[in-house]
Amino acid sequence: MTSGSQFRLGLIQMRSGRTPQANADAAVKLIGEAKSGGADYVLTPEVTNIMESSREKLFATIVAEENDPTLAALRDLARTLGLYVHVGSLAVKVAPEKAANRSFLIDRSGNIVARYDKIHMFDVDLAGGESYRESRSYRPGAIAVVSDLPWGRLGLTICYDLRFPALYRALAESGASFLSIPSAFTKQTGEAHWHVLMRARAIENGSFVFAAAQGGLHEHGRETYGHSLVVDPWGRIVAEGGNEPGVVMAEIDPAEIAAARARVPSLQHGRRFEVIEPLAEPAHLRAVRGPA
């Protein structure tokens with residue numbers, strides 16, 4: 001790893017539907033556009049290969065990782081174009097009734113150099129009748145993942161993980177300079193929280209945030225927020241997409257990470273602590289007083 005040199009990032013914003021081949025074709029086209037724009041590393045959104053609300057249709061369509069045609073196509077593309085392709089996530093079958101929401105980092109030779117299974121499951125009922133139960137279909141991961149790029153260390157996360165800041169602090173403490181948050185945020189929660197949470201994760205950890213997103217009204221009826229984002233380590237939005245599929249490009253200077261962390265060195269100042277009940281009497285006072 002030769003950290004410090006600048007590189008060009010391409011975020012791939014999509015509107016995935018129910019047909020993996022059509023989604024793969026769309027991803028390949030947009031990644032090609034990013035490469036033509038000078039990208040060295042590209043990131044696709046969460047569930048690049050399929051957006052399907054029906055559990056039965058999902059499991060009738062998805063396959064195991066080793067048989068997934070989207071993954072195979074994107075590995076070939078990384079090799080052909082000579083760039084890092086970070087597949088934000090694919091739905092892959094890991095058991096007859098369970099899938100993994102799995103991210104793949106593919107190097108310039110087409111090798112998978114990192115995998116990450118989404119840890120936090122989005123199980124919620126929203127106003128207006130929207131309801132999500134990711135844990136019905138997906139098996140949560142249990143391992144946080146970092147991987148080295150030529151320009152610095154990358155921390156891998158997915159969508160709902162965004163709401164759990166301890167994960168990002170652990171990644172930053174493990175050397176992550178870049179935090180990837182590929183997403184399929186709902187329109188409702190995106191409008192309320194997308195920008196502020198992305199900026200917060202960048203500021204808290206003095207890290208770049210890369211967030212490729214799904215956007216628009218999907219074939220199965222769900223609407224996602226879009227607005228793919230690049231946020232710098234000082235919390236400034238460097239680049240942003242809209243609601244339509246496309247490519248968001250940005251120049252990334254890793255030197256900005258050290259500068260931000262020098263100005264606010266919070267990664268060096270974290271302290272471990274205990275949490276006690278407010279009215280609990282300290283043990284040393286109980287010992288002095290003795291039994292009642």
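User: Which residues is Ala-99 in contact with, leaving aside its neighbours within four places in sequence?
Analyst: Welcome to a predicted model, in which local features need pLDDT of at least 70, side-chain atom pairs count only at pLDDT 80 or more, and totals for chains, interfaces and linings use all residues. Residues are numbered from 1 along each chain as its sequence is written, and side-chain values use heavy atoms, with hydrogens and water left out. Ala-99 is found in strand β4 (residues 98–106); strands (E, at least two residues) and helices (H or I, at least four) are DSSP runs, numbered from the N terminus. Contact means heavy atoms within 4.5 Å, and with those neighbours left aside Ala-99 is in contact with Phe-59, Ile-62, Val-92, Lys-93, Val-94, Ser-137, Tyr-138 and Arg-139.

User: Is Ala-99 buried or exposed?
Analyst: Buried means under 20% relative accessible area, exposed over 50%, and partly exposed in between (1.4 Å probe, protein chains only). Ala-99 has a relative accessible area of 0%, so the label is buried.

User: How far apart are the C-alpha atoms of Ala-99 and Glu-134?
Analyst: Along the chain, these two residues are 35 residues apart.

User: What is the volume of the largest pocket?
Analyst: Rolling a probe the size of a water molecule over the atoms shows where empty space is left. On a 1 Å grid over the protein atoms alone, a cavity is a set of points where a 1.4 Å probe fits but cannot get out, while a pocket is an open set with protein on both sides within 12 Å along at least five of seven lines; lining residues have an atom within 4 Å of a point. Points are joined across faces, edges and corners, and the volume is the space filled by probe spheres set on them. For the largest pocket, that comes to about 630 Å³.

User: Which residue forms a salt bridge with Glu-52?
Analyst: A salt bridge is a side-chain nitrogen of Lys or Arg within 4 Å of a carboxyl oxygen of Asp or Glu. Here the closest N and O atoms of Glu-52 and its partner are 2.8 Å apart. Glu-52 lies in the loop between β2 (41–43) and α2 and the partner in the loop between β1 and α1, so the pair ties together parts that are 34 residues apart in sequence. At 15% relative accessibility Glu-52 counts as buried, and its partner is Arg-18.

User: How many residues apart are Arg-15 and Glu-244 in the chain?
Analyst: Arg-15 and Glu-244 form a salt bridge, with their closest N and O atoms 3.3 Å apart. The pair links distant parts of the chain: Arg-15 is in the loop between β1 (7–13) and α1 (20–36), and Glu-244 is in the loop between β15 (237–240) and β16 (246–252), at a separation of 229 residues.

User: In which helix do Glu-191 and Lys-187 lie?
Analyst: Their side chains meet in a salt bridge of 2.6 Å, N to O. The two residues are four apart, about one turn of the helix, and both lie in α6 (residues 187–205).

User: Which residues have the most contacts inside the largest nonpolar core?
Analyst: A nonpolar core is a set of buried Ala, Val, Leu, Ile, Met, Phe, Trp, Tyr and Cys residues joined through side-chain atoms within 4.5 Å. The largest one has 44 residues, and those with the most contacts inside it are Tyr-41, Phe-178, Met-198, Phe-210 and Ile-252.

User: What is the phi of Cys-159?
Analyst: Cys-159 lies in the loop between β9 (152–156) and α5 (165–173). Its relative accessibility is 8%, so Cys-159 counts as buried. Although Cys-159 is not a glycine, its phi is positive, at about 45°.
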